[in-house]
Amino acid sequence: MTSSGVVIFILRRLAVAIPLLFIISFGVFALVHLAPGDPVRALLGARPSDPATLAAIRTRYHLDDPFIVQYGKWLWQVLNGDLGVSIQGNRLVTTTIKDRLGVTIYLSVMSAVLVLGLGVLLGAVAAFRRGTRLDRAVVMFGVFGISSPAFVTGIFLLYFFGALLHWFPIFGPGRGFLDRGWHLTLPAIALAVSVMAIVIKITRAAMIEELDRDYVTFARARGLSAWRITFAYVLRNALIPVVTAAGLVVVGLVAGAIYVEVTFALPGIGALTVDAVQKRDIPLIQGTTLLFSCFVVLINLAIDVIYTVIDPRIRFGRVDS
Amino acid sequence: MSVTAAGEPRPVGRLSAIPFVIIAAAIVIAVVVVCAIFGAGIAPDSAFVQRLAIGDLPPSADHLAGTDLLGRDVLSRVVYGARTALVGPIVVAAGAFAIATLLGLLSGYLGGLVDSAIMRWVDFMFALPGPLVAIVVVGVVGGGYWTAVFVLVVLFTAPDTRIVRSAVLKQRPLPYIDAARVLGISKARIVFFHILPNVLPIILAYVVLDFAFALVNLAGLSFLGLGVEPGTPDWGRMLFENRNILFSNPAALLLPAAMIILTAVSMNLIGDWLFERFAK
């Protein structure tokens, strides 16, 4: 296997990702025209509709040009980091997003660590103790996680650990690194539970399959300890399907973050998106949607690349990806 | 879930063979269905009468789950809420699988260009953050509940198509297909009369799982204020409207929240069980 194989693979993936980004950007652009009524009105919002402002909007969004030209000019502006002006408060969309990014990143990273750490551990333990009460409890927890959306779990956590027991704060994002972690613990758990279920399910299924293989029997015959076999041999192989599911995990975290931020009233990008949607602030919706979807596409691209690195069979083309 | 030894006949069709959790889940669903159909007759009070003078009160003998900010009876609103909790998800699950079954059968059996085209579309849909698309489209286009149902049908069709297609691909190399082809049976007849009945159990199991997923998604949109009309008794909408009375009447939030989880868990359990039992 040469490194050129990897390069070709990555180029092939890029050939899929780039058109995808174009289609997404086109959809986001079309939102202006998808909104009921005149696009100028949609972009005007609650501002006074004097002729000068209306003309400014027409020029700013090139509304007098043909549709495709509008898209081209808009895309060029976006690529130059210009996402326009939010219709409420007249602030630059990019500035508003920058202000809100910190909370969302902190929350997502915290949840991702919980999802991958705890999810893989629970899945592995359940597979190792297959058929026992512990296994059934973990499987049941998984069903619960898939069925309970983050905003519902969030309300229960908020009530029991925030309002009743006072273990965690119930409002605000906190200041400084540690205090923020303290404030974001409940939101991160609420977000992690729903996404973790996928990881538990896949890890458990993959582990059960791997545990039945010959090399496990052989390792047992050599007298290796059960925990060593599980964690040093089986888990490593079982993690490959988990990496494939990482895309689902990312989509789950992004979508879940929107709901969790609203539930816990956190000033992040998710809550910003919902607020913008409720107020029909099209430029702001375009900005956050573009950010979220590009993030998902790029992460999926990164996952594909990681996948080829950890599983040589993909590089050799023996497994149909 | 007991492990049956090889060769041991699996008991089929006896009630005692159904695990206890599945019976419990079926009872939960039955209760929700009864509430959805006979809501007005079961609810202890009107779901709409406002008593602004009393406002949000904690549970009492008069109002078993208390009242919301407008003084409406929470328990009655939860009973009425069963309707939007069932109708939308049924339409989503049935609609998505009707389209997905057709696309999956075509894609899996015909292969070639049709297959590639359908699969590229599925890949594209998979790359999108579905729930975000739903929020933005429903929010910008407007139209509330039924727009949400329509968007979810489109979003759910892609993963469902992949499921049907892979089930069809498992049937293709089996001898009965070759036999049917040798007999000169038309493609359409093979697809709809020979393959479809064999993949139907898998489809039905996933329809049930889709229902649970649609319920959670629709409740989520209503929770963001984007689903049902304001004032409609709906579990998700109740979480949105009552979010500020967690301290004065926690039941107004915890009861609808519990109903969402209970219904979704029950449907997921039934779906998983159907899948293990009939589709493997």
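What percentage of the 321 residues in chain A is buried? Buried residues account for 41%, where buried means 20 or more other C-beta atoms, placed from the backbone, within 10 Å of the residue's own. The model is predicted, with local features needing pLDDT of at least 70, side-chain atom pairs counting only at pLDDT 80 or more, and totals for chains, interfaces and linings using all residues. Residues are numbered from 1 along each chain as its sequence is written, while chains are lettered from A and ligands numbered from 1 in the order in which they are written.

**View 1. Chain A has 14 helices and zero strands.** Helices (H or I, at least four residues) and strands (E, at least two) are DSSP runs, numbered from the N terminus. The C-alpha trace spans about 85 × 60 × 35 Å along its principal axes. Of the contacts with a separation of 6 or more, 72% join residues 24 or more positions apart; a contact means C-beta atoms, placed from the backbone, within 7 Å.

**View 2. Chain A meets chain B.** Here 38 residues of chain A are in contact with 36 residues of chain B. On the chain A side, the elements giving two or more residues are α1 (3–34), α6 (133–147), α7 (150–164), α11 (246–263), α12 (269–278) and α13 (282–310). That side has 29 nonpolar, eight polar and one charged residues. Ala, Val, Leu, Ile, Met, Phe, Trp, Tyr, Cys and Pro count as nonpolar, Asp, Glu, Lys and Arg as charged, and the others, Gly among them, as polar.

**View 3. Helices α6(A) and α8(A) (residues 177–211) pack at about 135°, their axes 7 Å apart.** Axes are lines fitted to C-alpha atoms, for helices over the stretch in contact, and angles run from 0 to 180 degrees between N-to-C directions. The two helices are therefore oblique to each other, since angles under 35 degrees count as roughly parallel, over 145 as roughly antiparallel, 65 to 115 as roughly perpendicular and the rest as oblique. Look for Val138(A), Gly142(A), Gly145(A) and Ile146(A) of α6(A), which meet residues of α8(A) including Val193(A), Met196(A) and Lys201(A).

**View 4. The axes of α7(A) and α11(A) cross at roughly 35° and come within 8 Å.** Ala150(A), Phe151(A), Gly154(A) and Ile155(A) of α7(A) make the contact with Gly256(A), Tyr259(A), Val260(A), Val262(A) and Thr263(A) of α11(A). By class, there are six nonpolar, three polar and no charged residues.

**View 5. Helix α6(B) (residues 175–182) is hardly covered.** Among its eight residues, the count of buried ones is zero. Gly184(B), which follows α6(B), has a positive phi near 80°.

Conventions: Buried ≥ 20, exposed ≤ 12 C-beta atoms within 10 Å, placed from the backbone. Contact = placed C-beta atoms within 7 Å.
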